[in-house]
Amino acid sequence: MIYQFQPILKQTLWGGDKIATLKNIKDAPTHVGESWEISGIENSVSVVSNGPEKGMTLTQLIEKHGPDLLGQRNYERFGTEFPLLIKIIDACQPLSIQVHPNDETARAHGHARGKSEMWYMLPSEPEASMYVGLKNDLTPDNFMNMVADNTICDALMRYNVSVGDCFYLPAGRIHSIGAGCLLVEIQQTADVTYRIYDFNRRDSNGNLRPLHVDLAAESIDYQAQPDYKTKYTLTNSGCTPLVDCPYFTTSLWTISHNDLMECSDLDSFIVLICTAGSGSIIENKGCEQHITTGDTLLLPATTNEIEFRGNMQVIETHVAQDAGK
C-alpha cells in the first residue's frame, strides 16, 4: 500500500499563500505558514486520504500494521508513535530567531525528545534568505547581552537561498527562516521551540509574542562552524545523498524517465516528497500512486523496491536502524 494524507494546514503570523498554490488547495485559509504532510503529533495526527484505509489516522495505521509499517527496529523503539514530522513551510515574513533543545535538555524540561531537522529549498522569492548558525563562537554571557540589546542577528550567519539548497540543523543550532522562503522540513517528532528574538512584532491582538531566552541559553551550541550549508553534487539521474544523521537519512532522486530504488534491507518506512515535476510511484506488490509537485507519500517497511516513472525530483527519507541512539 502507498499512503497519502490530508494536509494539516497551520495558520501563522508569518504565513503566506504559496502552500495553497503549490498543493492546489481551493478555499484554503489565509496566512498558511505550514502544511503538516505526515504528523503523529498529538492533536495534529495525519489522516489517510486514499485507498481502502482512507479515514484512518496515522496512529491507527501503526496500531494495525505495527512493524510492517514502521520496520521492526523502529517499532521496538518508537511503539505507535511515528518518529518523523514532515512539513512544507511558506514564510512571507521572517520566523523568529529560535533554537530547539537536544533530547537530554528537552527531557529535563518534561518533553519526550528534542528536535533536529533539515530544510530543502523549494522555488522561493529572489530575495529569500535565512539565518543559520553562528558567525563566531559565543559565550552564554555574550548571548544574553546581545539578546538584551536586540543585536543577536549580528552574531548569525545569513544565507541567500535558492531552490535545491539544503541545510541540516541539529538541535542547538540557532536559526530563522526568512521572508520569501518556501521549503520542505523533515524533523524529529517534536514541537519544542525556544523563541529568542521576534523582531518586536505583535500578534493579531497587539501583544508581543513570548520569548524563551533562558531555555534557549541552555540549548544553544555556542561553537561556530565555517559553513552550515549541506554540500552535495547533484546527479543527472538517480540518487543523490543529502543528509545522514542519527534521526533520519535523506536523499534526492532525479528521475528523467524511470529508475528503481532497492529498499529491502532498510527495515524502515519510506517517505517520498515530490519537489518538482510529476510521475508515478510503483511498489513491489504492484500498487501504483501518481505523485506531483507538493505531494507526500508514505510506503510501509514491507516495501522491497520502488519504481519511479516520469520526470520529477523526489526527496526520499527513512529512519536508519540506529536512529536516536
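**Entry 1. Second largest pocket**

I sorted the lining of the second largest pocket by class and got four nonpolar, three polar and four charged residues. For the classes I took Ala, Val, Leu, Ile, Met, Phe, Trp, Tyr, Cys and Pro as nonpolar, Asp, Glu, Lys and Arg as charged, and the others, Gly among them, as polar. The model is predicted, so I note the limits: local features need pLDDT of at least 70, side-chain atom pairs count only at pLDDT 80 or more, and totals for chains, interfaces and linings use all residues. Residues are numbered from 1 along each chain as its sequence is written, and side-chain values use heavy atoms, with hydrogens and water left out.

I listed the lining of the second largest pocket as Gly40, Ile41, Glu42, Glu81, His111, Ala112, Arg113, Thr189, Ala190, Asp191 and Val192. The volume of this pocket came to about 220 Å³. A pocket here is an open set of points on a 1 Å grid over the protein atoms alone, where a 1.4 Å probe fits, with protein on both sides within 12 Å along at least five of seven lines; lining residues have an atom within 4 Å of a point. Grid points are joined across faces, edges and corners, and the volume is the space filled by probe spheres set on the points.

**Entry 2. Largest pocket**

I then looked up the largest pocket, which holds about 450 Å³ of space. Its lining has 24 residues, and Trp14, Glu34, Gln98, Asp191 and Thr193 lie nearest the centre. By class, I found six nonpolar, nine polar and nine charged residues in this lining.

Which strands each supply at least two residues of the lining? I noted β2 (8-16), β3 (32-38), β6 (84-90), β8 (117-121) and β12 (175-177). The largest share, four residues, comes from β2. Strands are DSSP runs (E, at least two residues), numbered from the N terminus.

**Entry 3. The six-stranded sheet**

I traced an open sheet of six strands in the order β2-β3-β6-β13-β8-β11, with antiparallel pairing. β2 and β11 (166-169) stand at the edges with a single partner strand each, so one side of each has no neighbour in the sheet. The twist averages 20° from one strand to the next; axes are lines fitted to C-alpha atoms, and angles run from 0 to 180 degrees between N-to-C directions. Two strands count as paired if DSSP finds at least two bridges between them.

I checked β13 (residues 182-188) for burial and found seven of its seven residues buried, meaning under 20% relative accessible area with a 1.4 Å probe, protein chains only. β6 and β13 run antiparallel and are joined by seven bridges, with Leu85 partnered by Gln187 of β13. β8 is joined to β13 by five bridges, also in the antiparallel sense, and Met118 has Ile186 of β13 as its bridge partner. Between β8 and β11 I noted four bridges, antiparallel; Glu117 stands opposite Leu169 in β11.

**Entry 4. Two buried residues**

I looked up Thr249, which is in strand β16 (residues 249-255). Thr249 is buried at a relative accessible area of 13%. Leaving aside neighbours within four places in sequence, Thr249 is in contact with Val243, Asp244, Glu316, Thr317, His318 and Ala320; contact means heavy atoms within 4.5 Å.

Ser280 lies in strand β18 (residues 270-283). Ser280 is buried, with a relative accessible area of 16%. With the same exclusion of neighbours within four places, I listed its contacts as Glu288, Gln289, His290, Glu307, Phe308, Arg309 and Met312. Ser280 and Glu307 are 27 residues apart along the chain, and their C-alpha atoms are separated by 8.1 Å.

How values were computed: Buried < 20%, exposed > 50% of the residue type's maximum accessible area, 1.4 Å probe, protein only.
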